[in-house]
Amino acid sequence: MIEPSEAEFSAENGPQLTPELAIANLQSSDLSLRYYAAWWLGKYRVKERAAVDGLIAALEDEADRTELGGYPLRRNAARALGKLGDRQAVPGLIKCLECEDFYVREAAAQSLEMLRDKTATPALIKLLDGGVAQAVQEPGRPHLVQPYEAVLEALGAVGATEAIPLIQPFLQHPVPRVQCAAARAMYQLTQEPVYGELLVKVLEGNDLNLRRVALGDLGAIGYLAAAEAIANAKAENSFKLIALKGLLEHQIPESNALSISDSAIRVMNLMDSLL
């Protein structure tokens, strides 16, 4: 089966769905309808019990396979479940971390990061087996043997402080994006500014894509000291605004959204300057 990209799923050329029809399509004999339904349910945050249950069941699908052995439906289901925010998906996503399909493992780790359930910690740590020495390119494939970026970010998000000694060596991994993921996780787990500053330093580099990654990481960890560096980074304003929004969300507690600190006002002023 040739996997369609998300870009193809538009209102103009995709089937017109309702939540009920999308849920029903998860059981369709047409694999393309099932694949699209899983994507659609995540895209539109359909949190109905039947949607979550159907997507969890799709994590074990055996019908939708690629010539290289991948599981496209499992990938989409794993991605969707993170967006729906239902922790009942956690056991199924943890099981997906053992899937032979790299992209299923990656999607599962990314969704476990969103769900922030610490019970995933042991399974995520297992993917770091062998450390940096084993974190090499998969022969004949365009990726490493494990989805290290997603795993490191998930460990940071779930608060897996026990993984700190395993994460820290990845700051020296030869792939810069993995280094960024390690710095992001280390800051989340320790709150030590040195790790935030590693990401700030990336903003000074020559690689635009890497600068975009660092902007996303700084916003995700809410590293306030990077506010001005974010605003002045050589990147599109859209990326900078998203990063500053992340900082702002860390500065305004949900329990007291009316209480705005001087730091929050500073970030909002920087955002205004980019509009």
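Colleague: How far is the sulfur of Cys96 from the closest cysteine sulfur, and in which residue does that sulfur lie?

Modeller: This is a predicted model, in which local features need pLDDT of at least 70 and side-chain atom pairs count only at pLDDT 80 or more, while totals for chains, interfaces and linings use all residues. Residues are numbered from 1 along each chain as its sequence is written, and side-chain values use heavy atoms, with hydrogens and water left out. A disulfide is taken as a pair of cysteine sulfur atoms within 2.5 Å, so the sulfur of Cys96 is too far for a bond from its closest cysteine sulfur, the distance being 6.3 Å and the partner Cys99.

Colleague: Is Cys180 buried or exposed?

Modeller: Buried means under 20% relative accessible area, exposed over 50%, and partly exposed in between, with a 1.4 Å probe and protein chains only. Because Cys180 has 3% relative accessibility, its class is buried.

Colleague: Which class does Val175 count as at 28% relative accessibility?

Modeller: Val175 is found in the loop between helix H10 (164–167) and H11, where helices are DSSP runs of H or I with at least four residues, numbered from the N terminus. Since its relative accessibility is 28%, Val175 counts as partly exposed.

Colleague: How far apart in space are Val175 and Asp64, C-alpha to C-alpha?

Modeller: In sequence, Val175 and Asp64 are 111 residues apart. In space, the C-alpha to C-alpha separation of Val175 and Asp64 is 32 Å.

Note on methods
Helices (H or I, at least four residues) and strands (E, at least two) are DSSP runs, numbered from the N terminus.
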